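Let's take a walk through this one, starting with the ligand and then moving out to the pockets. Have the model open as you read.

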Amino acid sequence: MDSMELIRASERELAPYFEKLDETELILTKRVLDAFREERVSQRNFAGTTGYGYDDIGRDTLERIYARVFETEAALVRPHIMSGTHALALCLYGVLRPGDEMLAASGKPYDTLEEVIGIAGEKGAGSLADMGIGYRQVELKDGKLDIDAILANLTDSVKLVEIQRSRGYEWRDALTVADIDSAIDAIHAARPDVCVMVDNCYGEFTQLHEPKADLMAGSLNKNPGGGIARTGGYVAGKEKYVKLVSYRLTCPGVGGEIGSHPAGYLAMYQGLFMAPHVVNQAVKAAALAGEVFARAGYRVCPETGSERNDIIQAIEFDDPDKLIAFCRAIQRNSPVDSDAVPEPWDMPGYRHKIIMAAGTFMGGASIELSCDAPIKPPYIGYMQGALTYDHVKLAIEDALDSLV
Ligand SMILES: *Cc1c(COP(=O)(O)O)cnc(C)c1O
């Protein structure tokens, strides 16, 4: 079968699932649109501001819109939050105090948080460990949160429980919102004073609701930026916790009251408006890659038919050369830097050599088609993102051809 025939057969298989995704997109688009209308967004919200940024109407309105869309009490949405890792680190430093403990409830957190927690990296860098903040970890059980083990590890000093929704660089399904929400309920029933923080990176808008977390954080270079936002990150959740995070972002007392943005907020608004559609395209693209590569004989995760709670498709190549060839095909089929040839490199914050294909408009934006892979057996590529589904379809066709 030639590659395009394989793709067409996969699309026929996926058609009912794609219809379901379109229903989700419609509901989320309505929620976003309603928030824009309720906050009466107009041109004045997009203007840049300078200096301290007191009463920055573009910023304050955008934050209220995020809180409405994510169904939380408050949100902090800033160009000064530079990445998902930064947003997550702000949450940890904002809430935890010396003598407290953090409990990671979905196994080891995302690689870049290891140096923040202080389980990797230099001593004295200012990690949580350096500040006398303890750490413990509970593994997933059969790919789900192990609520009994989490409750058993809720010692008096645990003040924050971290849950990572997306698979990250792991061969596991993303956690479902239902699974996360029931863990949150169980934790709060035992310890209402514990802050449950969700690493929501890559999860936003894949389902009808976000987790009911005390705090969640993510990057505008991913889903909620809709491929339009030029930079930024967000934190959303309970008012009291968002305030603590804002104190960490600026300083106690000042919090979120300051912070100007001379470039203006247009791209962040437009990106959020586009996000339900762009995530729809990305989830369809991921599902297509999963089905196509499964048919071509590769192991994939998730498989067709499973509920998707992030935009990542993992494909196991079992061969470093094939993995590298796949990443190079993704790069070659990118609208930007199509002539670049990705090489494995030692990326700051990661433990293995990483190869990254990202021919993106926004530097490194992984809501745009991109592929990341640690160079280690069994040579799994993690593909994600799509501004348009058709783009990814073309890239997959070429990638298949180049692997034969
Ligand atoms: C991407 C990601 C992060 C880190 O976000 P950056 O913007 O790359 O710093 C953290 N957690 C998960 C699950 C991610 O996917």
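How far from an oxygen atom of the ligand does a polar side-chain atom of K222 lie? The distance is 3.0 Å, inside the limit for a polar contact (a pair of N or O atoms within 3.5 Å). Keep in mind that this is a predicted model, where local features need pLDDT of at least 70, side-chain atom pairs count only at pLDDT 80 or more, and totals for chains, interfaces and linings use all residues. Residues are numbered from 1 along each chain as its sequence is written, and side-chain values use heavy atoms, with hydrogens and water left out.

Now look at G84: one of its polar backbone atoms is 2.7 Å from a ligand oxygen. At S83, an N or O atom of the side chain is 3.4 Å from an oxygen of the ligand. The protein covers 89% of the 370 Å² of accessible area that the ligand has on its own (Shrake-Rupley method, 1.4 Å probe).

Helix α3, residues 84-95, gives the largest share of the shell around the ligand, with three residues (helices are DSSP runs of H or I, at least four residues). Others around the ligand include Y110, D199 and K222, counted when a heavy atom lies within 4 Å.

Zoom out, and you'll find the ligand in the largest pocket, as more than half of its atoms lie within 2 Å of the pocket's grid points. About 750 Å³ of space lies in there. Of its 40 lining residues, S83, T85, Y110, T112 and Y350 are the closest to the centre.

Technical notes:
A polar contact is a pair of N or O atoms within 3.5 Å; within protein, one must be able to donate a hydrogen and the other to accept it, and residues adjacent in sequence count only if both atoms are side-chain atoms. On a 1 Å grid over the protein atoms alone, a cavity is a set of points where a 1.4 Å probe fits but cannot get out, and a pocket is an open set with protein on both sides within 12 Å along at least five of seven lines; lining residues have an atom within 4 Å of a point. Helices (H or I, at least four residues) and strands (E, at least two) are DSSP runs, numbered from the N terminus. Grid points are joined across faces, edges and corners, and a volume is the space filled by probe spheres set on the points.
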